[in-house]
Amino acid sequence: MREMISPEEARELVLSKVQAGRVVTVDLLDALGRVAAQDVVSDMDVSPFAHSAMDGFALRSQDIAQASEGNPVKLRVIADLPAGSCHEGAICEGECVRIMTGAAVPEDADAVVKYEIVGVEEGDGKAGSLVSFTAPAKLRANIREAGEEAKAGETVLRQGEIVSSAGAGFLASCGSLSINVYARPKVAIIATGSELVDPSQLPQAGKIRNSNSYAMAACAKRAGCEPAIFPIVEDTLEALKRAIAEASEGYDFIVTTGGAANGDFDFIKQAIDDLGELCMSTVNMRPGKAQAFGMVNGVPVFGLPGNPAAAYVGFELLIRPALRKMQGYTCLDPQVVRAALSKDVGKRDPRRIYLRSTLRRAEDGSLVVEPASKQSSGLFGVIQRSNCLAIMPEGLEAKKAGDLVDCVLLDIPEEAVF
């Protein structure tokens, strides 16, 4: 195991240890936004019959082939056909049927003329009326054919596709009300630190509220997972090992915060190594240099730093892609855009730095990024007010206002196209 690896190497290492997980059957609405685990086929033709695309008159196109403004053709309306009904009789020469949107097109009809361009000569346009046409109709005009969207037995959702809102409607029309999707990973969230108290408590001297567990649980939930916040673990190796061992028995991924560095009370690396295999201990990035990762009982365990910003950045860049892979997603990388810095940015640390920043459009439409004035890794509020991470590459080269830098977009779907 190398002591220090790049963020890209860390990401690939974590991804190499996970794969798409269990397959579960869920109701159609619960499948929204999730990845299909197997192909879905239609149980019938969609639509099962040719139907009218609009309100109008169903007729034989040959009967009005010679119609014109100067020579209108008149037809007798022999029936009214609302949606959900069928006309069983014949349509003879000189006849038509008033038809509503969605109604089955009579067998003898081969075109529908929309209501608004048909003249009413006698009656009210309903059955018994005489109506006139001043232009020919194209064959099969305004008719949606049987099986136009799908044929019986045709694959309508392929393994690996994400179920969208429109897709839910399509699948419903194909008779698929339950879908096999990849399970949402169950993620154990474990905060370590004898200084921590529950957020419901008012901290006494030397204590702070446990905010990390809620932030990491929120990150896991936004990634599509089912997080569970474990009780706070005191700063002892045995207590941490017990918590990890317990979580490894019922969870798909374990995330800890705190104790990832090399202090007297930092035990996550030792705990992973004692219980399983330690694969990573430090990453060449700021915030978040101290990040431990390994496997315990076949379950990935990721030890994030205790500083809030460091934990958040580590989760979004390294853990989120793995959790998405476990759910069958193939777009794993965050969206990145180039933007001009709004101000000079110095650099004293050779690591790659992720600056909490705000991206905006200038008057000319170009992208401008403004790093927050406070970049302490102990602050959550700055991230709340940021929408991207501006990247300062490895090395000590400073950047000037106007220089272009890569910006990792926050809270933007990986599948988005710009």
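## Basis of the report

Contact means heavy atoms within 4.5 Å. The model is predicted, so local features need pLDDT of at least 70 and side-chain atom pairs count only at pLDDT 80 or more, whereas totals for chains, interfaces and linings use all residues. Residues are numbered from 1 along each chain as its sequence is written, and side-chain values use heavy atoms, without hydrogens and water.

## Helix α2

Helices (H or I, at least four residues) and strands (E, at least two) are DSSP runs, numbered from the N terminus. Helix α2 spans residues 165-173 and has Gly167, Ala168, Phe170 and Leu171 buried (under 20% relative accessible area; exposed is over 50%, partly exposed in between; 1.4 Å probe, protein chains only). Viewed down the axis of α2, these residues fall within an arc of 165°, so they line one face of the helix; the arc is that of the directions from the helix axis to the C-beta atoms.

The buried residues of α2 pack against β2 (40-41), β11 (155-157) and β12 (178-182). Exposed Ser165 and Ala166 sit on the face turned away from the buried side of α2.

## Aromatic pair and charge

Rings of Phe, Tyr and Trp (its six-membered ring) pair if their centres lie within 6.5 Å; planes under 30 degrees apart count as stacked, over 60 as edge-to-face and the rest as tilted. Phe230 and Tyr251 form an edge-to-face pair, 5.4 Å centre to centre with 70° between the planes. Phe230 is buried at 11%, while Tyr251 is partly exposed at 21%.

Lys186 lies over the face of Tyr251, 5.2 Å from the ring centre (NZ of Lys or CZ of Arg within 6 Å of the ring centre and within 35 degrees of the ring normal).
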